[in-house]
Every structure is written in structure tokens, then in C-alpha cells.
Amino acid sequence: MSRHHSDHDHSLEALREALTPEFWDERYAGSDRVWSGNPNQRLVEQVADLTPGTALDVACGEGGDAIWLAGQGWEVTAVDVSEVALARVAAHAEEAGVGDHLKLGFYDALADPRPAHRHTFDLVTVSFLHVPVEDFPAIYQGIAEAVAPGGRLLVTAHHPHDVTSGARHDHGPGLLFEPDRVLDVLGAEAPDSAWEIEVTDTPTRVQASDDGPFEVRDTIVRLRRRA
Ligand SMILES: C[S@@+](CC[C@H](N)C(=O)[O-])C[C@H]1O[C@@H](n2cnc3c(N)ncnc32)[C@H](O)[C@@H]1O
């Protein structure tokens, strides 16, 4: 049995409603802290061998990743669809003393999939932005466009295995994805691809919950735009 049960409507319209400012503002306003505040383990692992430069954190949430990156010497821009979340990132960045190294912006992937100007960031990272299959190509191509020549795109997501294993409720068909979906929409495996594939991985990790620890699997893709 699935760990989380609900009777969600999985129509495209319903899935898109879960990507609106209203939905996320309400979710963030309903709790002082929705996420842990810590950076994602996968980001920390994947950034370890990179030289700090400019970074864009797409769908930054409460800013755990963005604030950590700023503390590591990156000049960070963090964007999200929720102004409530962005205000929280600003406050946490000030508390952490990295406010001068972090810019914030509103980004609605459904309204305009491009979060920034073309080819501008040394690192573009997006963690756990799960969108309908129909919207996936435009959104992930739009996000990838922001990577500068020689820069990296890092995508971290929940792997679909979490649904079949019962670790995670199915929030909609195809919302979770494997590395291949990212490679496909960016044409990363084509002979003349603009991308060099640096990492595709699906490692597991143990997550705590009220019912005790359980195992989850991540999708990780790290690409480098050829200079
Ligand atoms: C699962 S949270 C992940 C937050 C953060 N990346 C992290 O790892 O803690 C998904 C984030 O996507 C944002 N989001 C949802 N729909 C969006 C949209 N249409 N455009 C941009 N961001 C969106 C939400 O506000 C939320 O902060």
C-alpha cells in the first residue's frame, strides 16, 4: 500500500492547478517552514567539484539550496512561483549573512518556461520541479536555455520507482521522471548535441518520517553546455 493516500484528480487541468501561485502561496503560508532549510544532498554532492560562479536556482522554494550556494561563494539568483516562498528566502538569506549574494525573482514555468535570459548562468539547478508530461519539454528546455556556454545544468527529481515501491503517493501519471526524459527533451545524446553528459544517476537515500525511515530514489542529471 502507498505510504500516502489521496484521491487526487489527475486531469491535466488539475495537475496544472498544482503549479499555480495560489496553490503554492497557500501551501507556504500554511506553515512556518515546509522544507528542512538544509541544502539538498544531491546538490551538495554535484557542486563539490565546480568552481563558484553565477547560479540560478529554479523553483527554489524556501531557499535551502540557494542560500547554501551563496555561502559557498556563488552569486545566486533564486526564482519561484510563490511570492510567500521568495519573501521567506529573503529573510533567511539576511539571517545567514548572504543577502548581498542572492537575488530573487518571480518565475511561473507554465506562463513562460524561460526563467532567465539565454546562456547566462554558470550553473542552473532545479530540484524537485515535477510537471505534467505535456509541459515537460517546454519547461525543461526553457530552464536549460539559461545555461551559459561551458556551464552546467543540474536536475534533481524524485524517481518514479518511489511510486511503484510505495514510498511515495502517485501525484499524477508521469510527474516523476527518470534521467532519460531530461536527456531526450534536450537531445543530449545526439551526435551534434550542445550538451556533454556528465552525470546520470538514480541513487537511493534514506528519508525520515513519522512512521520511521524509508528508502527513496532520486533522479540526477548533470549536463555541461559545450563552450
Ligand atoms: C517540491 S518544491 C521544491 C523546492 C526546492 N527546490 C527544494 O528542493 O526544496 C517545488 C517548488 O516548485 C515551485 N513551483 C511550483 N509550480 C511552479 C511554477 N509553475 N513555476 C515555478 N515554480 C513552481 C513551488 O513553489 C515549490 O517551491
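In this predicted model, the shell of residues around the ligand divides into 12 nonpolar, three polar and two charged residues. In total, 17 residues surround the ligand, and the closest are L19, Y28, A59, D80 and A109. A polar side-chain atom of N40 lies 2.9 Å from an oxygen atom of the ligand. A polar backbone atom of G61 is found 3.5 Å from an oxygen atom of the ligand. On the backbone of S127, a polar atom is 2.9 Å from a nitrogen atom of the ligand. On its own, the ligand has 600 Å² of accessible area, of which the protein covers 92%.

D80, one of the closest residues to the ligand, also belongs to strand 2, which spans residues 75–80. Strand 2 runs parallel to strand 3 (residues 102–106), and five bridges join the two. Within this pairing, D80 stands opposite F106 of strand 3.

Aromatic side chains were examined next. Five aromatic pairs are present in the structure. For F136 and Y140, the ring centres are 4.3 Å apart and the ring planes meet at 15°, so this pair is stacked; the angle falls under the 30 degrees that limits stacked pairs. Both residues lie in helix 6, which covers residues 136–144. Because F136 and Y140 are four residues apart in this helix, about one helical turn separates them.

The stacked rings of F136 and Y140 belong to helix 6.

Technical notes
Residues numbered from 1 in each chain as written. Predicted model: local features only at pLDDT ≥ 70, side-chain atom pairs only at ≥ 80, totals over all residues. Heavy atoms only, no water. Pairing = 2+ DSSP bridges. Near = heavy atom within 4 Å. Polar contact = N/O pair within 3.5 Å; in protein donor to acceptor, adjacent residues only side chain to side chain. Areas by Shrake-Rupley, 256 points an atom, 1.4 Å probe, with all protein chains shown as cover. Nonpolar A, V, L, I, M, F, W, Y, C, P; charged D, E, K, R; others polar. Phe/Tyr/Trp six-rings, centres within 6.5 Å; stacked < 30°, edge-to-face > 60°.
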